[in-house]
Amino acid sequence: MQKLIIYGGTPLTGEVQISGAKNAALPILCASLLTGETLKIENVPHLKDITTMIKLLRQMGINVSIDKEFEVSLTAAQLSSLVAPYEMVKTMRAAILVLGPMLARAGEAKVSLPGGCAIGLRPVDQHIKGLRAMGAEIEIEHGYIHAKANRLIGTHIVMDIVTVTGTENLMMAATLADGVTVLENAAHEPEVIDLANCLISMGAKIYGAGSDVITIEGVKSLHSTTYQVMADRIETGTFLVAAAASGGEIHLKKTRADLLDSVLDKLIESGATIQSGEDWINLRMNNKLKSVNLRTSPYPAFPTDMQAQFMVLNSIAEGTAIITETIFENRFMHAQELKRMGACIEVEGNTAVVHGVKNLDGANVMATDLRASASLVLAGLIAQGETIIDRVYHLDRGYEQIETKLSWLGAKIKRIN
Ligand code: UD1
């Protein structure tokens, strides 16, 4: 199993290019199921979750070609299998995103139930409820969601909770439904808008993506297009926190400040100076790091996917911070590992109280999920001495070439087998 070794203490300084967003690329890859024509996707990040999704789509009969720049062309002329097997869904929950488009296009889909995962239960009841409301017959059998529908029918759906992939699944399904679908209490995340824009350029009629209510007028068929995936706001935020916590200065290219206002606000509150342009962000940290309270919530509020990274920042900041996690019920596993590095953190239910200490000490730590691994990398970068991170495969699911990018910024980091 691969590990990362980090020698901490170097302020990160320099320039880095941000990759395409994993959480936008995954649903956009699934949108290829909605048409027999070719969908060409640019700025796809080179990540484990993306290769898992491509493998899944290939085994359904989609023809996938990938060029040197990792631009991906997908043609779903015919679907040879309508099954997303357990082996794939268990490694990547986002595989649930094939359910809506496959059902809408082929009239049938069998997708393994994702089950629980390290950060919480994460049910998919809202995906199922929405598809049933559109006329699908759905049975849960042998751990699989088995859905059938001759043609989905447009309807009014009020989602009980805000769910990102739930909104995306239903929006994709509704593009080929008979009539108009209204999704109320929809997720506002920029990745939902990016998917909607891709679908619109494939001929879908979607209004209101990014707001509470999304209206989709079903069409008979969608067609080919070329679409460029948006920048990854979580990778952007992770690098900004790395620079702030290490006391450095960083210039990020190919990203957008308006994707992460809540995160930038917290960085400014922590003492950073931030400037931005149309496709770049610059962060300089020459003040004393101050602790910042935060509460995770659906977009545009503070993202749960940035909570672990800010726990690291708070662990060496002046003062005490209260972090409240409202999206996932078990998303503080990194706290235990950070405590092994000298952080002073008390966890009580969905709240963590972080008392800033002078510095962290390098230690052997274990990654437990994607964003928790990112937080351990950040901790290693600011700690004194050597940190060895085990189970880095979690990191490879969501960060493209992280150690190469960090090395460009002066980090002392290497991967070993
Ligand atoms: C997506 C992101 C993930 C991010 C999360 C929250 C992708 C591929 N992943 O995950 O990185 O952390 O949004 O911003 O885009 N829930 C239900 N029933 C459902 C669906 C969700 O109860 O049918 C609950 C979940 O358990 C969770 C909350 O709703 O507590 C939000 O989850 P959701 O927005 O669905 O997360 P994902 O789409 O899985």
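This is a predicted model: local features need pLDDT of at least 70, side-chain atom pairs count only at pLDDT 80 or more; totals for chains, interfaces and linings use all residues.
Setting aside neighbours within four places in sequence, the contacts of Trp280 are His251, Leu252, Thr255 and Gln275. Asn169, by comparison, is 111 residues from Trp280 in sequence, and the two C-alpha atoms are 31 Å apart in space.

## The ligand shell

The ligand is surrounded by 19 residues. Asp125, Thr163, Thr165, Asp305 and Ile327 are the closest of these. Sorted by class, the shell consists of eight nonpolar, six polar and five charged residues.

The side chain of Asp125 places an N or O atom 2.7 Å from a nitrogen atom of the ligand. For Gln126, the backbone is involved: one of its polar backbone atoms is 2.7 Å from an oxygen atom of the ligand. Thr163 contributes through its side chain, with a polar atom 2.7 Å from a ligand oxygen atom. On its own, the ligand has 740 Å² of accessible area, and the protein covers 86% of this. Helix 5 supplies the largest share, with three residues.

## Cysteines and disulfides

A disulfide is a covalent bond that joins the sulfur atoms of two cysteines. The structure contains zero disulfides. For Cys198, the reason is one of distance: the closest cysteine sulfur, that of Cys30, is 11 Å away, which is too far for a bond. The cut-off for a disulfide is a sulfur–sulfur separation within 2.5 Å.

The accessibility of two cysteines can also be stated. Cys198 has a relative accessibility of 0% and therefore counts as buried. Cys344 has a relative accessible area of 33%, which means that this residue is partly exposed. The limits that apply here are under 20% for buried and over 50% for exposed, with partly exposed in between.

Conventions:
Residues are numbered from 1 along each chain as its sequence is written. Side-chain values use heavy atoms; hydrogens and water are left out. A residue is near a molecule or strand if one of its heavy atoms lies within 4 Å of it. A polar contact is a pair of N or O atoms within 3.5 Å; within protein, one must be able to donate a hydrogen and the other to accept it, and residues adjacent in sequence count only if both atoms are side-chain atoms. Accessible areas come from the Shrake-Rupley method with a 1.4 Å probe; for residues, only the protein chains shown count as cover. Helices (H or I, at least four residues) and strands (E, at least two) are DSSP runs, numbered from the N terminus. Ala, Val, Leu, Ile, Met, Phe, Trp, Tyr, Cys and Pro count as nonpolar, Asp, Glu, Lys and Arg as charged, and the others, Gly among them, as polar. Buried means under 20% relative accessible area, exposed over 50%, partly exposed in between (1.4 Å probe, protein chains only). Contact means heavy atoms within 4.5 Å.
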